[in-house]
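I opened the model today to look through a few local details. My notes follow in the order I took them.

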Amino acid sequence: MSEGTSMVMESSENGTDLSQDDNGTIVEMPEDTILSQQTSVNLVPFIGQRFVSQDAAYEFYCSFAKQCGFSIRRHRTRGKDGIGRGVTRRDFTCHRGGYPQMKLSEDGKMQRNRKSSRCGCRAYMRIVKRADFNVPEWRVTAFSNIHNHELLKANEVCLLPAYCTITPDDKARICMFAKAGMSVRQMLRLMELEKGIKLGCLPFTEIDVRNLLQSFRNVNRDNDPIDLIAMCKKLKDENPNFQYDFKLDGHNRLEHIAWTYASSVQLYVSFGDAVVFDTTHRLDAYDMLLGVWVGVDNHGMTTFFGCVLLRDENIQSFSWGLKTFLGFMKGKAPQTLLTDQNMWLKEAIAIEMPETKHAFSICHIISKFSDWFSVLLGSRYDDWKSDFYRLYGLELLEEFEEEWREMIDKYGLHDNKHIISLYALRTFWALPFLRPYFFAGLTSLCQSETTTTFIQRILSAQSRLDRFVEQVAEVVEFNDRAGSKQKQPRKSQKVCLKTGSPIESHAATVLTPYAFGKLQEELLLAPQYASFVVDEGCFEVKHHTQMDGGCKVICVLCEEQISCSCHHFEFS
């Protein structure tokens, strides 16, 4: 019996039931508060262990399985998946879990699929999605390492299909070796020496390398730039409003290319005030960075503004992309631009769009917190995270500065490089510094997930480079069609008035259903708030349950202007 099995059985004896019932259902485990350090693959999964994503949990369990002598696969997704919530529960099982499906023989009789290795193994790990402070994370709620088959040895487990993978770095090395004229066996031996591992212990075999080299040969990169530019020219001939630009290097290879569609240019005129420029993905087959400009319209739909492929990730490349985008949009720069935390991009935006308010996506920042702080803070990590979210949502700059210092003192983070960097860049991510600017709700977690989903649909279109432009056009066209369904005449839509307020009645005739729904939410909440006169034209507004605090509202009747200290109206 394996060591992992013994550990699970010991946990069971202490009162934690980790078994599956006879019907194959999995017994839920009580949650714990232990944090996963996630720094060593020698760790055994435990109840309460947390991950930032499904993929992170899969990678951790995969590393554990490899040490034990088996591989894993994604199994069922079950649970109460509410509308818009997506998958909330995921099971990972041993690759030998379940039973082979029966198939028809030549004489019409059912027979077992003898090629299958499945034998009903019940080893598994379950993760469930939780959302603390509107930030999702995945927690282990059930785990069993009891196998009904022999586990493989270290020199055998690497031959399982799941572990015969070649990393991007290894692919690059193999490509370089192939150009140097090395044989496959020479490549494998050299990589074994470079990695300092025993003969035959690479995570891939000679057949895997030969298949990879064949895939390289199937991609004719020399002709791709010519085909791509020809495709863009074809689209330009078909529609003069289609726009593209490109740059070749000294060897006549494609260095950068950007394009946008006629519908995208029209949408940008109306909805280009707040823009997301996502540069977190790459086209691995061509080693090019993918940048996508998107926004949101008055129906709450993601709108596509443009696309760029960059060979290098530096200030010059980003400057070319931004300058080209401004050329497409007749020089109109967005009021606000949301990006990931990329310092080269930050410098390029300051040069090319000096009047634009640049901000970092908080979702990209907090996704790194587990790696940055969970081990450092240990059991205090949850408390620190709670304090950070409270700081992030403060209204006044003075409060932020004062409470940031208190947080550093409380957790002893004076010399932490990540805290120092976050504070130095606070004007790019902290809401007290961003609220006076219009971001159209793009900073919210919900809108960030919508944007990510849209970009993933673009990434799924990867094939040949010239075909990629056509497939992106298809994704954009599909999105436009979905948006047009939202823009049906108001007369054909039933509007439900909930307050009887004249403001609500008028808004129903002039706002889109999406915008009207937002206003209606505010109207329904309004009776829960009270206002107190502080001075002439100055009021304090707060929820009836609040004893202290509240928002300051300034009313200038002669100018017909009202402003609130929360800046929520200006912000979103």
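**Entry 1: helix 9**

I began at the start of helix 9, where a side-chain oxygen of N314 comes to within 3.3 Å of the backbone nitrogen of Q316. This is a predicted model, so I keep confidence in view throughout.

I then checked the span of helix 9. The helix covers residues 315–328, which makes 14 residues. From first C-alpha to last, helix 9 reaches 20 Å. That is close to the 20 Å expected at 1.5 Å a residue.

How many residues of helix 9 are buried? I find 10 of the 14, so helix 9 is largely enclosed by the rest of the structure. I noted the buried residues: S317, F318, S319, W320, G321, L322, T324, F325, L326 and F328.

After helix 9 comes K330. I read a positive phi for K330, near 55 degrees.

I looked up the salt bridges next. The count comes to 19. I followed the ones around R50.

E137 and R50 meet through their side chains in a salt bridge, at 3.9 Å from N to O. The two sit in distant parts of the chain, 87 residues apart. E137 belongs to strand 7 (residues 135–144), and R50 belongs to strand 1 (residues 50–51).

Buried or exposed, I asked of E137? E137 counts as buried because its relative accessibility is 8%, under the 20% cut-off. R50 is buried too, with a relative accessible area of 6%.

R50 has a salt bridge with D382 as well, at 2.9 Å from N to O.

I went back to E137 for its salt bridge with R139. The closest N and O atoms of R139 and E137 are 2.9 Å apart. Both R139 and E137 are buried. Which residues end up in one network through shared partners? I list R50, E137, R139, D382 and K385.

**Entry 2: D387**

I stayed in helix 13 for D387, which has its place there. D387 counts as buried because its relative accessibility is 14%, under the 20% cut-off.

What does D387 touch, leaving out residues up to four places away in sequence? I find K410 and Y411. With K410 there is also a polar contact between the side chains, at 3.2 Å.

**Entry 3: confidence**

I closed with the pLDDT values. The mean for the protein is 80. I note that 81% of its residues reach 70 or more.

Where is confidence lowest, and where is it highest? The lowest is in helix 1 (residues 3–13), at a mean of 39. The highest is in strand 14 (residues 357–360), at 96.

I also marked residues 1–41, where pLDDT stays under 50. For this stretch the model has 78 contacts beyond four places in sequence.

Technical notes: Residues numbered from 1 in each chain as written. Heavy atoms only, no water. pLDDT = per-residue confidence, 0-100. Helix = DSSP H or I, 4+ residues; strand = E, 2+ residues; numbered from the N terminus. Contact = heavy atoms within 4.5 Å. Salt bridge = Lys/Arg side-chain N within 4 Å of Asp/Glu carboxyl O. Buried < 20%, exposed > 50% of the residue type's maximum accessible area, 1.4 Å probe, protein only. Expected span 1.5 Å × (residues − 1). Polar contact = N/O pair within 3.5 Å; in protein donor to acceptor, adjacent residues only side chain to side chain.
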